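I opened this notebook to keep track of what I looked up, entry by entry.

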Amino acid sequence: MINSQTFAALPATVERLQSAHSVVVLSGAGMSAESGVSTFRGKDGSWSRFRPEELASESGFRRNPVLVQSWYQERQRQVVQVAPNAGHDAVARLDALVNDVLVVTQNVDGLHSRAGSRNVIEVHGRLDDNYCIECRSTPGVSLAEASSLPHQCDRCDGLIRPGVVWFGEMLPDGAMERAVEAVTSCDVLISVGTSGVVYPVAGLPGLARQSGAYTIEVNIEPSALQDVMDDSLIGPSGVVLPELFRAVFPNY
Ligand code: OAD
């Protein structure tokens, strides 16, 4: 069990975070697990029940738009029902404790911003952005609100898709460039709840460490990133992050 004694045994973690001027938090699906949003990998993950090439690619969408729209419709409806958890809240409170904080998230649920984090790069887009696959305009009615599927564009009848990045697609303009700039100049990178297998984002912790940052992982189990981590804190992010920040910042 993680508690303040755990951090007493990790003086470098405490010291590096205490003296940090800039911190990057890199988050993945595990960060939102305690809010009730499913992760992708692992036995209960979405990709153990569904095929990513069917649900997260443009070719899969064109082959079966109703299936894909209904999956994202359900997810869009779900994220408005859930709330940020103690892990998101802890990250948001960092803004008041460290000069320069950037959250780079692979999550499309918007929960970091809803928790109050001010600088967030959503490298895999946003679930609640909707646009027409043909003319790229934003529909008057979102997928979440659509009463029948397929949901089509009011202007050109094209299919409406969610604004998430699918396999084989480019990341949002400038997102990776800003993330690379931040990780190569930060003092500490905290990777939270990501399996660390989807590139280019999975390359960011290694890049941070090569550039001199102290790297900390928070995960319920060691991830593919463990070799580039200075410390691995094992436990749920909603528990570990508040404990960590309480141990580091007297005014947390
Ligand atoms: P994954 O589902 O691959 O990994 C989730 C990670 O969170 C795992 O390492 C879990 O051990 C960990 N985890 C689960 N619950 C946790 C908790 N309460 N606290 C801390 N850690 C926990 O999700 P991502 O790494 O985010 O891409 O996946 C990366 C990308 O793959 C996603 O953005 C998505 C997916 O295909 C796109 O949609 C483009």
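Which helices and strands each supply at least two residues of the lining of the largest pocket? I found that α3 (30-33), α7 (65-81) and β7 (214-219) each do so, where helices (H or I, at least four residues) and strands (E, at least two) are DSSP runs numbered from the N terminus.

Before going on, I noted that this is a predicted model, in which local features need pLDDT of at least 70, side-chain atom pairs count only at pLDDT 80 or more, and totals for chains, interfaces and linings use all residues. I also noted that residues are numbered from 1 along each chain as its sequence is written, and that side-chain values use heavy atoms, with hydrogens and water left out.

**Entry: the pocket.** I looked up the volume of the largest pocket, which is about 980 Å³. A pocket here is, on a 1 Å grid over the protein atoms alone, an open set of points where a 1.4 Å probe fits, with protein on both sides within 12 Å along at least five of seven lines, and lining residues have an atom within 4 Å of a point. The volume is the space filled by probe spheres set on the points, which are joined across faces, edges and corners. Of the 45 lining residues, Ala29, Thr39, Phe40, Arg41 and Ser195 are the closest to the centre of the pocket. α7 gives the most to this lining, with three residues. By class, I recorded 21 nonpolar, 17 polar and seven charged residues in the lining, counting Ala, Val, Leu, Ile, Met, Phe, Trp, Tyr, Cys and Pro as nonpolar, Asp, Glu, Lys and Arg as charged, and the others, Gly among them, as polar.

**Entry: two helices.** I then turned to α8 (residues 86-94) and α12 (residues 237-248), whose axes come within 7 Å and cross at roughly 30°. α8 is therefore roughly parallel to α12, a term for angles under 35 degrees. The axes are lines fitted to C-alpha atoms over the stretch in contact, and angles run from 0 to 180 degrees between N-to-C directions. The contact (heavy atoms within 4.5 Å) is made by Ala86, Gly87, Ala90, Val91 and Leu94 of α8 with Ser237, Gly238, Leu241, Pro242 and Phe245 of α12. By class, this contact has seven nonpolar, three polar and no charged residues.

**Entry: the backbone.** I looked up Pro150, which a cis peptide bond with omega of about 5° joins to Leu149, and which is found in the loop between β4 (125-132) and β5 (160-164). Arg136 is found in the loop between β4 and β5, and its phi is near 65°, a positive value in a residue other than glycine.

Definitions and conventions
Angles under 35 degrees count as roughly parallel, over 145 as roughly antiparallel, 65 to 115 as roughly perpendicular and the rest as oblique.
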